[in-house]
Amino acid sequence: MVAVAVLGYGTVGSGVVKVMETNHDSILAKTGVDIQVKYVLDLREFPGDPVQEKLVHDYDVIINDPEVRIVVETMGGLNPAYPFTKRALEAGKSACTSNKELVARHGTELLEIAREHQVSYLFEASCGGGIPIIRPMRTSLCSDELDEITGIVNGTTNYVLTKMMDEGSEFDDVLHEAQEKGYAERNPEADVEGHDACRKLAILSSLAYGKRVDFSDIYTEGISKITSAEVRYAKELGMAIRLLAHSRKEGENVLAMVAPFLVQKNDPLYLVNGVFNAIFVHGNMLGDAMFYGQGAGKEATASAVVADVIEEAQTLGRSVMSAWSPEKQDLQPLAETRKQFFVRVKGDMNERESVESVFGAVSVVNADLPDEYGFITPVMSEADYQECAAKLDGQILGMLRIRE
């Protein structure tokens, strides 16, 4: 029997306990490991819940119990999640988490501590909820050189954008609806401003390219400025608006960014709707592959966490997670990257000489909106776009990048 302690009995923590107890016999039959929840750490009481028998309020009880071999951190945030995880690893206990903020900020250090103490630190659920992506990257795809990751990795923003596309609604209205349905947090900033996707991209890119990608270095733009006007233009173009987390390696250079993009119909990401996520990877031998599924939710996320628990229980006494180098990966300046841009401007499309004098030959897009029109630029660098846009100061109403 392998004793497990779960830190936090909120949405994910309670889901982890439920999965391990409900599927205990099935897990034992399929894997040969008998995992048992011995402790649940939480400040609250849960009268009437069977978890009350396992509830503790003092973390030292868990740290000082040699029977506990695996600690599951589901508290979220950094404090006390970071010191608690660090203490567990230093005490010779494996740990796993769904906490992308913790992994993005302290993952390099925690992986090294795990390696030094011959235990494991796993975080499958941190990047795709229930979608298996980290384990395939470090096992099934370890023979490949991965050179691109592009994904829809945040269910809240994808739900909002899908509803806006389907109904032509405004951002604030759809966000309020998402909050009422539980798809968005009361404070949705981390989701809608792209910070959640940025942290996930940093983790996946570090794992794929072998050096530490600092999330604070990644250009990040959210969806809060998207309006029903952008949606109308997207429909006119036969495209969809998606918040993409994208990184690509070319030689020693790595580009990483999070931003809303226009996605074309022939792109697999075009059809990823609602709260679903999809992560596209490219390898030098594999070519293209895409991982698709429910990116969030209690049961889906808990299932991924328990998969980490099972692997750690099967590999007690050694560290199975391949760590990336603590050396920082320098990122290619966004200004050097090249792509096409869709731009909304004030004015009459029949009087577009001022636009063409700045951007050159453009493709005009008419969405029948009063006193404005849109256009698609030639392929150009971000720096050149910014320079051209500055010359049209006061005319530009919005911009979206177009995915290649």
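Trainee: Is Glu311 buried or exposed?

Mentor: Please bear in mind that this is a predicted model. Glu311 counts as buried, because its relative accessibility is 14%, under the limit of 20%.

Trainee: What does the side chain of Glu311 meet in a salt bridge?

Mentor: The general idea is that side chains of opposite charge can pair when their charged atoms come close. In this case Glu311 forms a salt bridge with Arg135, at 2.8 Å from N to O. This pair links distant parts of the chain, since Arg135 belongs to helix 7 (residues 134-138) and Glu311 to helix 13 (residues 298-314), 176 residues apart. Salt bridges with shared partners also unite Glu124, Arg135, Arg138, Asp308 and Glu311 in one network.

Trainee: How many salt bridges does the whole structure contain?

Mentor: The search finds 28 salt bridges. One of the pairs is Lys38 with Glu67, at 2.7 Å from N to O. Here too distant parts of the chain are linked: Lys38 is in strand 2 (residues 35-41), while Glu67 is in the loop between helix 3 (59-63) and strand 4 (68-73), and 29 residues separate them. Lys38 is partly exposed at 29% relative accessibility, and Glu67 is partly exposed at 45%.

Trainee: Which residue meets Arg44 in a salt bridge?

Mentor: The partner of Arg44 is Asp42, with 2.9 Å between N and O. Arg44 is partly exposed, with a relative accessible area of 43%, whereas Asp42 counts as buried at 10%.

Trainee: Why does buried Arg199 have no salt bridge to Glu101?

Mentor: A salt bridge requires a nitrogen-to-oxygen distance within 4 Å. Arg199 is located in helix 11 (residues 195-209). Apart from neighbours within four places in sequence, Arg199 is in contact with Lys100, Glu101, Ala104, Ala190 and Phe215.

Trainee: How should I read the cysteines, and how many disulfides does the structure hold?

Mentor: A disulfide is a covalent bond between the sulfur atoms of two cysteines. This structure holds zero disulfides. For Cys142, the nearest cysteine sulfur is that of Cys127, 18 Å away. Cys142 counts as exposed at 57% relative accessibility, while Cys388 is buried, with a relative accessible area of 11%.

Trainee: Let us turn to nonpolar residues. Which residues does Phe171 touch beyond those up to four places away in sequence?

Mentor: Phe171 touches Val160, Met164, Val192, Ile223, Ser224 and Ile226. Phe171 and Ser224 are 53 residues apart in sequence, yet their C-alpha atoms are 6.8 Å apart in space. Phe171 is found in helix 9 (residues 171-180) and is buried, with a relative accessible area of 7%.

Trainee: Which residues make the nonpolar surface patch of about 270 Å²?

Mentor: That patch is made by Phe276, Met290 and Tyr292. Phe276 lies in strand 12 (residues 276-283). Its relative accessible area is 31%, and Phe276 is therefore partly exposed.

Conventions:
Residues are numbered from 1 along each chain as its sequence is written. This is a predicted model: local features need pLDDT of at least 70, side-chain atom pairs count only at pLDDT 80 or more; totals for chains, interfaces and linings use all residues. Side-chain values use heavy atoms; hydrogens and water are left out. Helices (H or I, at least four residues) and strands (E, at least two) are DSSP runs, numbered from the N terminus. Contact means heavy atoms within 4.5 Å. Patches are made of residues with over 30% relative accessible area and no salt bridge: like charges are joined within 9 Å, nonpolar side chains (Val, Leu, Ile, Met, Phe, Trp, Tyr) within 5 Å. Accessible areas come from the Shrake-Rupley method with a 1.4 Å probe; for residues, only the protein chains shown count as cover. Buried means under 20% relative accessible area, exposed over 50%, partly exposed in between (1.4 Å probe, protein chains only). A disulfide is a pair of cysteine sulfur atoms within 2.5 Å.
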